[in-house]
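Here is my note on the model you sent. Please read it with the coordinates open.

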Amino acid sequence: MLKDNLFSRCCDKCWHSSEKACPDYISCLTQGPLCHHDEKCENKKKENISRITLKSMEKPMIFMGLGTCGMGAGALKTLEELENVIKEENIDVEIRKTGCIGLCTLEPLLDIKMPGRTRLSYGHVTEKNVRKILNSVINGKPEEENLIGQHFSDGDENWKNVPGFFDHPFFINQKRWVLKNCGINDPVDLEQYLANGGFLAFEKILKNELQASVCDEIEKSNLRGRGGGGFPTGKKWKFALNTPADQKYMICNADEGDPGAFMDRALIEGDPYRLLEGLMIASYAIGATQAYVYIRAEYPLAIERLIEAISNLKKFGFIGENILDSGFSLKIKIKKGAGAFVCGEETALIHSIEGKRGMPRVRPPFPATRGLFDKPTIINNVETLCNIPDIITNGYEWFCAAGTETSKGTKVFALSGNLNYTGLVEVEMGTPIREIIFQTGGGIPDNREFKAAQIGGPSGGCIPPQHLDIKVDYENLKTVGAMMGSGGLVIMDDKACMVDVAKFFMDFIQRESCGKCIPCREGTRRMLEILQMVTSNPSSDSSMNSLERLSGIITLEKLAEIIKSTSLCGLGQTAPNPVISTLRYFRSEYEEHIFNRKCSAKVCKELLTYQIDEDKCTGCTLCARVCPSEAIKGAVKSPHYIISENCVRCGSCLVACRQNAISVY
Amino acid sequence: MLELIVNDKPVKADKGEMLLSVLRRQGIDIPTLCHVEGLTPTGACRLCVVEVEGQSGLVPSCACQVYNGMKVKTHTNRLIEARRTLLELIMSSHPDDCLYCQRRDTCELLELASKLGIKERRYKSVRSNPSLDISSPSIVRDPSKCILCGRCVRVCEEIQGVGAIDFIGRGSDCSVGTAFNEGLNTSSCVNCGQCITACPVGALTEARHINRVLNAMSNPELTIVVQHAPAVSVTLGEMYNLPSAADVQGVMIAGLRKAGFDFVFDTGFSADLTIMEEASELVSRISNGGVLPMMTSCSPAWVKFVEQYYPEMIPSLSTCKSPMQMLGAITKSWWAEKNKLDKSKIFSVAVMPCTAKKFEASRPEMGIGIPDIDAVLTTRELYDLFNIKGVKPFELKPMNNDNPFGQRSTAGKLFGATGGVMEAAIRTAHFLITGENMKNPVITELRDMTGIKEARVKIGELEIGVAVASGLSNARKLLDEIKMGRKDIHFIEIMSCPGGCIGGGGQPYGTDFESVRNRMSLLYKIDKEETVKYSHENQSISELYRDFLGKPLSGKSHTLLHTEYMNRVVMK
């Protein structure tokens with residue numbers, strides 16, 4: 001941080017400091033000074049703000065996308081090369097890091113902002129092309145290749161013939177509220193968050209609002225839990241507020257465990273202060289003096305940034321004792337989880353924080369009345385909390401204006417699978433799934449057919465093509481046997497086998513069940529075993545097996561119903577959903593597996609048959625040599641054949657054959 | 001008072017009650033596998049599910065509080081199907097070898113399967129076959145039979161405050177195990193065996209000593225002696241489906257003789273001996289400024305508990321061996337000499353309501369050169385031994401114990417119940433201090449099932465504070481108070497198992513609050529009806545001191561009847 005920064009005192013008249021904060025401390029920092037009038041001081045503040053918001057800058061600035069997705073795509077190598085280039089060519093620039101902006105497909109992303117010009121955004125910037133890109137921008141002739149667009153900003157000169165970044169098809173239909181700062185700001189730079197209006201909401205409620213009125217505001221906004229359950233957040237807060245206790249706890253649930261979900265990780269990596277502000281407001285609203293962020297240890301970068309953000313907040317007195325002289329005190333602690341899926345369930349999460357094994361317990365009593373260490377406890381998901389600051393700042397009417405009748409605001413989805421653009425998207429509630437897939441996601445690559453969209457992870461279901469026009473909304477999705485879930489959205493094209501998809505999720509659930517109640521522990525295992533039988537090698541069949549497969553599909557449905565109605569926690573109650581939903585829409589695929597012993601998507605390996613076309617085979621022996629199980633026989637220069645019983649269906653022969661003589665069906 | 005509608009009939013209930021107990025009171029049979037009265041309901045087995053109007057899912061009645069106007073259905077087809085399926089699911093991953101199972105006659109799973117009419121195998125599964133844990137001297141764990149109801153985990157944690165076992169692993173790999181899944185012997189397990197009586201299936205059993213006994217019996221060189229603990233005779237009748245309130249000592253002795261034991265002694269005798277030593281020790285500690293409070297040492301699980309968790313309080317433990325060990329030591333010394341027997345040719349068996357006694361007998365300090373006790377049978381094992389040997393005790397003529405160790409005072413018999421040692425000790429301490437017996441030997445404050453009981457007792461001029469606890473989590477509470485600085489308690493009796501030895505881990509499967517209370521009242525009845533109520537009035541005890549030991553706390557006593565303890569480091 002610079003010597004003269006946002007937190008420095010403007011002059012001796014100013015009596016604000018982080019040690020002696022007054023109720024107006026935050027607005028004084030960004031809009032002040034408020035305690036005295038002095039033009040010089042005001043200008044000093046304004047200068048600082050325009051420095052931070054890049055209205056005035058002395059040298060070019062480079063923003064490197066350093067979220068986990070960017071680093072996975074090689075951003076660190078790019079960064080290393082970038083630093084080399086700067087050193088070698090003696091270029092005077094500043095490098096800042098940002099989180100993920102959402103467009104993971106095009107990572108590593110690199111933005112360059114020249115003084116007085118708009119910020120340019122490049123995709124796929126590797127150690128090979130970074131030098132060229134950097135030089136081209138510095139020289140005023142931006143390289144067109146890899147250029148995604150420019151971020152228009154007031155007072156800055158636009159680049160000619162460069163499209164707007166947010167006009168990219170991936171962004172154009174998004175409504176970026178929660179993700180506003182992600183990929184734009186330096187995630188742990190507190191100045192930057194403040195300069196953009198951060199923590200004003202927190203200051204506002206501390207100064208002016210009663211706890212109950214904060215709860216009211218949130219209740220009126222009709223914000224619902226973004227973790228999947230969709231319970232009205234304000235209502236939940238009121239349960240805890242109205243339960244008398246000497247100690248209450250606020251917990252942020254960042255134990256994101258659904259396969260295909262990475263919203264929470266990206267949010268924390270990209271904008272930790274927004275989450276913390278939401279958490280602080282929530283703690284105030286329910287009267288909690290201790291807050292926890294329960295986050296899986298598998299998210300090291302998110303944890304690192306949270307730790308830094310929290311220590312900055314402590315340093316400047318935003319958390320601690322008597323915050324901003326309001327009488328409200330708050331401590332925030334990070335609790336790392338071991339990555340058990342079930343710890344996303346409220347009561348299991350509480351047990352885990354208490355140091356016990358993460359196992360759910362029977363509710364009621366609900367955590368809002370009896371939770372962590374038997375005290376009233378509220379647990380909110382990351383995205384839910386990230387919505388709070390803007391609702392407080394802009395009012396509930398603003399929030400309610402977006403969305404559908406029952407689901408307000410926006411929803412963040414982690415878009416993955418067979419799409420042209422994957423990544424993190426935020427859309428208004430009520431956006432049709434079709435739009436998310438074909439507009440935002442850029443459609444299915446290689447002109448293949450859309451088959452299904454898996455939404456809501458292991459608790460959710462599959463949306464088939466005939467329901468593509470369904471709108472994103474808690475209630476709507478349920479009508480087609482899916483659910484909102486936490487935001488995983490996996491798109492599958494016609495290469496996917498739906499029995500295999502169901503098998504994947506059942507396997508996940510039976511491994512991640514806590515093992516406490518019978519239906520979830522034993523039932524999901526039995527369901528998986530039935531699916532395994534359906535997709536197993538027909539040559540190992542005994543006469544009984546075919547009969548069992550037949551009854552299997554009936555048993556699956558029965559078991560699913562019983563697991564749903566008798567399981568202890570939400571995890572078990574929704575565990576059969578992937579099977580129920582695929583059975584509902586793709587029953588013919590199950591029947592094909594059971595009756596014809598075929599998988600037309602060619603995914604279920606054991607059901608495949610490999611055959612050599614005698615007319616095409618030249619007897620080159622290549623296939624026989626690569627076959628690991630000696631299943632291919634034949635003399636040199638005469639057609640080979642495959643012994644089906646020995647074939648392990650590895651596909652090596654198919655790859656090896658140069659005559660295209662091997663077919664799979 | 002609340003009113004709910006159960007199966008279309010109005011039913012009254014109290015506020016705060018759980019639905020399951022209300023239904024059971026109505027005589028409605030609801031199956032459960034994980035429920036234990038008095039422990040936190042976990043709702044794990046889901047067999048007790050019922051339909052509650054307004055709820056889409058099924059509700060576990062064990063963990064559901066009643067409310068006014070609640071409408072409940074208990075046996076609809078949907079529920080029957082759900083319960084049967086759940087049971088079938090457990091059965092599908094449970095071993096089929098019921099023929100060879102310890103619990104074939106007492107298995108709750110088997111009982112439920114027949115009750116719910118399961119006759120067909122609808123679900124097949126691939127079973128994993130985890131290995132037996134035979135590392136513990138007292139308890140054998142067979143994880144393959146475990147149905148993960150969690151009763152053992154809760155008993156260990158909530159009743160005993162030990163928590164040696166917990167669930168480990170996720171999903172279908174979930175199992176019950178110790179820290180790092182090591183053997184039970186290296187864990188914090190105190191061998192009390194409460195988990196065994198709680199287990200509904202054959203996943204937990206005692207380390208059996210029947211074969212040791214049978215082998216010894218077939219060796220003509222050996223003299224086989226057996227002692228039986230006070231709690232056994234008031235319990236054994238239950239296993240023969242006798243109404244629970246019956247003392248069967250006479251026929252049991254006859255059965256023991258018929259089964260092949262050469263001499264039958266009563267641990268009640270050495271309980272009197274323990275009292276002589278322990279009361280003297282207490283009097284000596286009080287008059288010589290020794291470490292107070294003094295704590296009893298007859299419950300071996302409790303002793304291990306102190307060694308593990310409160311090593312700094314080891315000086316408070318009485319140095320007296322337990323009655324079982326005292327009798328073992330006297331048998332292989334004085335009695336052997338008297339009868340001109342080679343002590344190495346004596347095989348000493350103890351029938352105990354306890355599994356920790358197996359561990360105690362194996363402690364190296366319990367014997368000089370050779371162990372004082374060679375085999376320990378639980379009450380359950382005695383029943384099995386009788387069956388193996390074809391002994392039907394109730395067809396035999398009652399007999400008496402063999403002397404000199406066949407006589408006991410009722411004070412010695414009271415050892416079987418929580419508070420009994422304390423009562424017996426105070427009776428004798430009173431005599432030792434004042435020279436006369438108490439006017440009323442019964443101390444009512446110490447006579448019930450309460451977890452922690454306290455009393456102020458006047459002995460002549462002296463007033464002492466005494467406390468009695470059963471269940472180790474209660475002991476923990478008491479000990480923590482002492483550590484925090486309580487000074488008004490001078491003598492503490494701890495029994496590891498709830499209710500004392502009559503609720504021990506070697507007692508019949510499914511021992512519950514009610515059965516323990518019945519056994520307890522039987523002991524009080526004996527105390528009321530018999531005439532010798534004071535340990536120091538036991539004639540054989542006087543004879544033993546006169547002929548052999550000299551006086552309490554003598555040098556010989558110290559060698560044979562007293563012991564020492566050690567700081568144990570275990571995974572906590």
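Predicted model: local features only at pLDDT ≥ 70, side-chain atom pairs only at ≥ 80, totals over all residues.

1. Local features are taken at pLDDT of at least 70, and side-chain atom pairs at pLDDT 80 or more. Totals for chains and interfaces use all residues.

2. Overall form of chain B. Chain B has 20 helices and 17 strands. Its C-alpha trace spans about 75 × 55 × 50 Å along the principal axes. The radius of gyration of chain B is 25 Å, which agrees with the value near 25 Å for a compact globule of 572 residues.

3. Burial and contact range in chain B. Of the 572 residues, 52% are buried. Take the contacts in chain B between residues at least 6 apart in sequence: 74% of them join residues at least 24 apart.

4. The largest core. Nonpolar side chains tend to be buried together in soluble globular proteins. Here the largest nonpolar core has 347 residues. Residues of both chains are among those with the most contacts inside it, including A:Ile251, A:Leu279, A:Ala282, B:Cys152 and B:Val349. Helix H12 of chain A (residues 272-286) gives the most to this core, with 10 residues.

5. A closer look at A:Ala282. This residue is one of those with the most contacts inside the largest core. Which residues does A:Ala282 contact, leaving aside neighbours within four places in sequence? They are A:Trp237, A:Met250, A:Ile378, A:Asn380, A:Leu385 and A:Ile388.

6. A separate core. Another core, of 13 residues, lies apart from the largest one. Among its members are A:Ile612, A:Ala624, A:Ile632 and A:Ile662.

7. A helix pair in chain B. Helix H10 (residues 267-288) and helix H12 (residues 323-338) of chain B pack with their axes 8 Å apart, at an angle of about 100 degrees. H10(B) is therefore roughly perpendicular to H12(B). From H10(B), the residues in contact are B:Thr267, B:Phe269, B:Ser270, B:Ala271, B:Leu273 and B:Thr274. They meet B:Pro323, B:Met324, B:Met326 and B:Leu327 in H12(B). By class, this contact has seven nonpolar, three polar and no charged residues.

8. The contact between chains. In chain A, 26 residues are in contact with 29 residues of chain B. On the chain A side, the elements that give two or more residues are helices H19 (498-512), H20 (518-534) and H21 (543-566). H20(A) provides the largest share, eight residues. What is the make-up of this side by class? It divides into nine nonpolar, eight polar and nine charged residues.

Definitions and conventions. Residues numbered from 1 in each chain as written. Chains lettered and ligands numbered in written order. Axes fitted to C-alpha atoms, helices over the stretch in contact; angles between N-to-C directions. Helix = DSSP H or I, 4+ residues; strand = E, 2+ residues; numbered from the N terminus. Parallel < 35°, antiparallel > 145°, perpendicular 65-115°, else oblique. Contact = placed C-beta atoms within 7 Å. Nonpolar A, V, L, I, M, F, W, Y, C, P; charged D, E, K, R; others polar. Rg over C-alpha atoms; globule rule 2.2 N^0.38 Å. Buried ≥ 20, exposed ≤ 12 C-beta atoms within 10 Å, placed from the backbone. Core = buried A, V, L, I, M, F, W, Y, C linked by C-beta atoms within 7 Å.
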